[in-house]
Amino acid sequence: MKKRIPDPKKIIDRIDDLPTLPRTVLKITELVNDPKSSAKDLARVITDDQILTARLLKLVNSSFYGIPQRISTVTGAIVLIGFDAIRNLLLTTSVFDLFADRNRKNQQKQEKFWDHSLGCAVGAKVIGNYLRHDSIEELFVAGLLHDIGKIVEMMFQPVEFSKIVAAISRENILMLTAENKIMGYNHAEIGKLLAEKWNLPAKLVQIIAHHHQPKDAGSFAMEAAIVHLADIFCRALNMGFGGDNTIPPLDRFAWQSLKIQTSAIESIMETMQDEYGDIRSFIS
Amino acid sequence: MIRVNIVDLKPGMVLARAVQNQQGVLLLDAGTKITKKNIRIFKSWGVNEFSVKGELNSPKTGGETPEAEMRDAVEMELKAKFSDVMNDPVMVEIFKAASKQLMKDLPKIENEKENSRPKKNYR
């Protein structure tokens with residue numbers, strides 16, 4: 001058998017049509033990072049895009065934010081949920097769009113992957129809330145993007161991907177193990193490269209790269225541990241399908257560093273289920 | 001293998017045979033675990049009969065209720081998923097909590113169903 005172990009970086013470079021973020025999102029990221037920009041500046045860019053506008057209003061009015069009154073203007077939404085939340089929302093929906101409809105054949109599988117990502121995102125948010133973490137929005141996006149490398153494999157490396165899928169069932173191994181065995185690298189590494197290519201914040205890059213071994217995420221080990229735990233919770237709750245038939249082991253370091261009482265698991269999961277149902281209705 | 005009607009189809013059941021619409025287009029492959037969304041889609045396609053994995057616990061003779069069967073199915077499936085990690089006491093807690101949540105989800109579906117359609121009678 002011919003064996004070639006390509007360098008993941010080369011793979012990423014080779015994929016010329018690897019999705020890039022839409023200009024509106026780049027513009028918005030720029031504005032969010034610029035301390036001089038106002039809610040009005042941001043609103044102008046968003047209102048140029050009807051779909052983004054509709055999504056934004058739908059989200060702020062969903063129970064995800066739990067705001068009692070109805071928000072009907074983009075400026076109102078921005079003032080209410082903040083610049084970072086806006087950027088994250090737009091990042092979220094754009095990433096979904098980027099990967100949608102590209103490959104009909106994998107569509108069902110892909111939808112399940114997204115459900116898994118969404119479950120993990122909701123989990124990261126709920127765990128973050130429980131721990132009173134200060135950037136819940138970022139945790140949500142991190143959860144959403146943690147397995148982005150798998151989507152890249154599915155769409156751009158179909159041959160390797162089908163070998164991986166076959167190996168998982170045949171040898172009863174985890175996806176990560178199968179990937180390392182077949183490709184010599186895994187979805188966390190691919191995801192990291194893509195996140196870097198997109199110029200995502202270092203925190204997101206580190207979480208994506210180390211969601212299986214949170215302590216390697218350095219100063220973002222806490223956030224990586226949250227996403228790691230959320231990943232396990234959402235699998236346990238049957239939210240989508242992340243490629244594994246069984247649940248991967250819980251990282252000792254992650255669990256100990258989060259200091260979550262076992263008695264709290266139940267209420268975290270309950271909140272996760274409620275929020276998952278709610279948010280799915282606006283994204284899909 | 002059990003044959004079930006759409007009104008008795010529950011999330012978590014595993015398809016024993018592939019589901020096709022009237023035009024013969026594949027909707028869902030055999031071996032797939034059903035979700036709420038799938039059921040919605042089946043309804044919209046007007047597919048009514050399904051073959052799911054499992055044994056018939058003869059509801060005709062007043063054996064286990066479909067609800068109890070569903071609970072067993074959910075529990076079995078969750079156990080299989082956790083099979084490699086049950087030596088970790090924290091994972092055992094996660095398993096218990098997840099099991100409780102998933103069970104809670106079942107009766108809710110039951111109620112929705114009862115509101116929308118008459119319950120199937122078992123003789």
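This is a predicted model: local features need pLDDT of at least 70, side-chain atom pairs count only at pLDDT 80 or more; totals for chains, interfaces and linings use all residues.
Colleague: What percentage of chain A counts as buried?
Modeller: Buried here means under 20% relative accessible area. Chain A has 284 residues. Those that count as buried make up 56%.

Colleague: How much of the accessible surface of chain A belongs to carbon and sulfur atoms?
Modeller: The accessible surface totals about 12,800 Å². Carbon and sulfur atoms hold a share of 51%.

Colleague: Among contacts in chain A between residues at least 6 apart in sequence, what share joins residues at least 24 apart?
Modeller: Take the contacts between residues at least 6 apart in chain A. Those that join residues at least 24 apart account for 68%.

Colleague: How many residues of helix 8 of chain A are buried?
Modeller: Helix 8 of chain A spans residues 136–145 and is mostly covered. The buried residues include A:Phe140 and A:Leu144, and also A:Glu137 and A:Glu138. The count is ten of ten.

Colleague: Are helix 9 and helix 12 of chain A roughly parallel or roughly perpendicular?
Modeller: Helix 9 covers residues 148–156 of chain A, and helix 12 covers residues 187–197. Their axes come within 7 Å and cross at roughly 95°. Angles of 65 to 115 degrees count as roughly perpendicular. The two helices are therefore roughly perpendicular.

Colleague: How do the residues of that contact divide into nonpolar, polar and charged?
Modeller: Helix 9 of chain A brings A:Ile148, A:Gly149, A:Lys150, A:Val152 and A:Glu153. Helix 12 of chain A brings A:His187, A:Ile190, A:Gly191 and A:Leu194. The contact divides into four nonpolar, three polar and two charged.

Colleague: Is A:Ile268 buried or exposed?
Modeller: A:Ile268 lies in helix 16 of chain A, residues 265–283. Beyond four places in sequence, A:Ile268 touches A:Val126, A:Ile127, A:Tyr130, A:Phe233 and A:Ile260. Its relative accessibility is 2%, so A:Ile268 counts as buried.

Colleague: What separates the C-alpha atoms of A:Ile268 and A:Ala230?
Modeller: Along the chain, A:Ile268 and A:Ala230 are 38 residues apart. Their C-alpha atoms are separated by 9.9 Å.

Colleague: Which residues touch the most other members of the largest nonpolar core?
Modeller: The largest nonpolar core has 121 residues. Take B:Ile94: beyond four places in sequence, this residue touches B:Phe82 and several chain A residues, among them A:Leu229, A:Phe233 and A:Met269. The residues that touch the most other members are A:Ile46, B:Leu9 and B:Ile94.

Key:
Residues are numbered from 1 along each chain as its sequence is written. Chains are lettered from A and ligands numbered from 1 in the order in which they are written. Side-chain values use heavy atoms; hydrogens and water are left out. Buried means under 20% relative accessible area, exposed over 50%, partly exposed in between (1.4 Å probe, protein chains only). Contact means heavy atoms within 4.5 Å. Accessible areas come from the Shrake-Rupley method with a 1.4 Å probe; for residues, only the protein chains shown count as cover. Axes are lines fitted to C-alpha atoms, for helices over the stretch in contact, and angles run from 0 to 180 degrees between N-to-C directions. Helices (H or I, at least four residues) and strands (E, at least two) are DSSP runs, numbered from the N terminus. Angles under 35 degrees count as roughly parallel, over 145 as roughly antiparallel, 65 to 115 as roughly perpendicular and the rest as oblique. Ala, Val, Leu, Ile, Met, Phe, Trp, Tyr, Cys and Pro count as nonpolar, Asp, Glu, Lys and Arg as charged, and the others, Gly among them, as polar. A nonpolar core is a set of buried Ala, Val, Leu, Ile, Met, Phe, Trp, Tyr and Cys residues joined through side-chain atoms within 4.5 Å.
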